[in-house]
Amino acid sequence: MAVFPGVKAAPLAYAAHVLAVLAAAAVLVWCIHFLGGLAFEASNKSLIFNIHPVLMLIGFIIIGSEAILSYKILPWRHEVNKIIHLVLHAIALVLGAVGVYAAFKFHNESGIDNLYSLHSWIGIGTISLYGIQWIFGFVTFFFPGSSPALRRKSLPWHVLFGLFVYILAIATAELGFLEKLTFLENAGLYKYSPQAFLVNFTALVVIFLGASVVLSAIAPANVDAPHGYTAVSEN
């Protein structure tokens, strides 16, 4: 899957780590400092909503990013990296599901309709595809596992579809930032306020994070390698 001769995955992966930390810090500052904190039960229903961006960014996108990068940067055997890849994606999926639940809970307790925006439509589709991708990967590459020939044929499609779902997740996050900031500005938030700047800054960081992860995934782990993912063995 390497398309950039001479470009190694490691520098891109390290950049992704830095951007992930920056994005996580930014969304926590936004939701805790500017929006008042996080809570599953509160009279102020906005605190319930605040769980949604935190879990979708840190839990779903950032941990999902680390799962993608695990094949590129971890020095351990392929089988160990595969388990880490599988577990991190499972954690991302569970936290993403909790984040989606928080949005529905906020809407239901606030008397707001569900699934009326493009953000919500793409978001539900993305997490559903993420779950399908995880189940396919588990059954094909982990347990019970398909034949080596089928795994070799499935691997490029698994990687390609995984990156497609990941890009959808990044796009969904961008729509979410835009939607929430628009609501806040319509409610009186000054368009050039520190909070508005922070939301836009976080959205930009997420774009660069996504680009770093995708480029790392398609770049070889080593310059001489044909691609970054280890070929499926005959065992």
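**Ground rules.** I call a residue buried under 20% relative accessible area, exposed over 50% and partly exposed in between, using a 1.4 Å probe and protein chains only. With that in hand, I looked up Gly188 and found it exposed, because its relative accessible area is 61%. I am working with a predicted model, where local features need pLDDT of at least 70, side-chain atom pairs count only at pLDDT 80 or more, and totals for chains, interfaces and linings use all residues. Residues are numbered from 1 along each chain as its sequence is written, and side-chain values use heavy atoms, with hydrogens and water left out.

**Overall layout.** I listed the secondary structure as DSSP runs numbered from the N terminus, with helices as H or I of at least four residues and strands as E of at least two. The protein has six helices and zero strands, and its pattern along the sequence reads α-α-α-α-α-α. Next I checked the radius of gyration, taken over C-alpha atoms, against the globule rule of 2.2 Å times the number of residues to the power 0.38. For 235 residues a compact globule would come near 18 Å, so the 19 Å of this protein agrees. Along the principal axes, the C-alpha atoms fill a box of roughly 60 × 35 × 25 Å.

**Surface and contacts.** I noted that 46% of the 235 residues are buried. The accessible surface, by the Shrake-Rupley method with a 1.4 Å probe, is about 12,000 Å², and 73% of that belongs to carbon and sulfur atoms. I count a contact when heavy atoms are within 4.5 Å. Of the contacts with a separation of 6 or more, 74% join residues 24 or more positions apart.

**The core.** I take a nonpolar core as buried Ala, Val, Leu, Ile, Met, Phe, Trp, Tyr and Cys residues joined through side-chain atoms within 4.5 Å. Which residues have the most contacts inside the largest one? They are Trp30, Leu57, Ile61, Tyr166, Phe177 and Leu209, in a core of 49 residues. Each of α1 (9–34), α2 (46–73), α3 (78–110), α4 (118–142), α5 (148–186) and α6 (194–218) supplies at least two residues of this core.

**Helix α3.** The expected span of a helix is 1.5 Å times one less than its number of residues. For the 33 residues of α3 that gives 48 Å, and the end C-alpha atoms are 48 Å apart, so the two agree. After α3 comes Gly111, with a positive phi near 70 degrees.

I then stopped at Lys105, which sits in α3. Is Lys105 buried or exposed? Lys105 counts as buried because its relative accessibility is 9%. Its side chain makes a polar contact (N or O atoms within 3.5 Å, one able to donate a hydrogen and the other to accept it; residues adjacent in sequence count only if both atoms are side-chain atoms) with the side chain of Glu41 at 3.1 Å. Leaving out residues up to four places away in sequence, Lys105 touches Phe40, Glu41 and Ile48.

**Loops.** Leu115, in the loop between α3 and α4, has a positive phi near 55 degrees although it is not glycine. Pro144 is in the loop between α4 and α5, and the peptide bond from Phe143 to Pro144 is cis, with omega near 0 degrees. Gly188 belongs to the loop between α5 and α6.
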